[in-house]
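The tour below goes from one selection to the next.

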Amino acid sequence: MAFVRASIVLLLLAPVIACRTTTRADVGALATRGAATGERLALFYESLARDTVDTWELTAFRRGFVKLPASEVDTRKEFEQQHAALRSRARLARRLGNVYEALGRSAGYDAGSAIAREVHALDDELRAIADTPLDEPLTKNIVDRLIAIVADWRQNRDLKRGAALLAPIATGMQELFKTERELYRDIARDRADKYRQVATELVDAKAVVSTALVDRVLASYELSWPEGRVPFEDERTIAGVIELIEARSRTFAAGQEDELEAVARALTALVEAHER
């Protein structure tokens, strides 16, 4: 009789155990995807921050090289604010990844307490985002809503509920990215355009030497530049090099556009993973 009762108990527990195992596996997969998405998003923002520095430096060089009049606007302050905003977003993205990593660790023992510290840090970074907007009217409501979501999240420690509450955070991050998407494009395009302008003006001024710009093409035919590094002097060569600069400029911009689209897809996949 005892054996029968034990068998019945095991049969009743089996679905619960299977469900818990499935939950752990699902949460683990979600955590892995979330951590990877956070890291990729952080790298993208760091790349845009570097683009901002490049654009500022090239703008300053070009102003001196072309002898442009001093700007009436404090462009340095604008670039510094943009750089700070992008660095802040990179830190936020990393914090998001850290929350998912903590979620994955917690999945092993059904405890959400390990996530609390990371969520607290995420909240700090969100408030920093609110203080460093790329476009305040555009993003204020989204950031405020994310702060409210995180405040709600911090009141819950249960693993399953915790994973569910991360869904609106992921959605909010996706919404922030979508809202600012054109700003990201502009930053990448500005950098590519400044590279193109400076390189073209240097070639036009016959101020640069014939180095490795087209070495790859020449090497294919066992050809090379003449010995000695001299500026581009021949008008046909100058015209050809400028066309090559134009082509490469479009390639630079396209590469950043590809990465923007890849990050957008990663965020979409993360949001969709929460819905399964």
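Start with the aromatic rings: the model has seven aromatic pairs, where rings of Phe, Tyr and Trp (its six-membered ring) pair if their centres lie within 6.5 Å, and planes under 30 degrees apart count as stacked, over 60 as edge-to-face and the rest as tilted. This is a predicted model, in which local features need pLDDT of at least 70 and side-chain atom pairs count only at pLDDT 80 or more, while totals for chains, interfaces and linings use all residues. Residues are numbered from 1 along each chain as its sequence is written, and side-chain values use heavy atoms, with hydrogens and water left out.

Select Trp-56 and Phe-79. Their ring centres are 5.5 Å apart and their planes at 50 degrees, so the pair is tilted. Trp-56 belongs to helix α1 (residues 2-65) and Phe-79 to helix α2 (residues 75-106), so the pair ties together parts that are 23 residues apart in sequence. Helices here are DSSP runs (H or I, at least four residues), numbered from the N terminus. Phe-79 is buried, at 17% relative accessible area (buried means under 20%, exposed over 50%, partly exposed in between, with a 1.4 Å probe and protein chains only).

Next, select Phe-61 and Phe-65, a stacked pair with 5.5 Å centre to centre and 15 degrees between the planes. Both lie in α1, four residues apart, about one turn of the helix. Phe-61 is partly exposed at 40%, and Phe-65 is partly exposed at 35%.

Then select Phe-44, Tyr-45, Phe-177 and Tyr-184, which ring pairs link into a cluster.

Finish on helix α4 (residues 136-153), where the exposed Pro-137 and Asn-141 sit on the face turned away from the buried side.

Definitions and conventions. Helix = DSSP H or I, 4+ residues; strand = E, 2+ residues; numbered from the N terminus.
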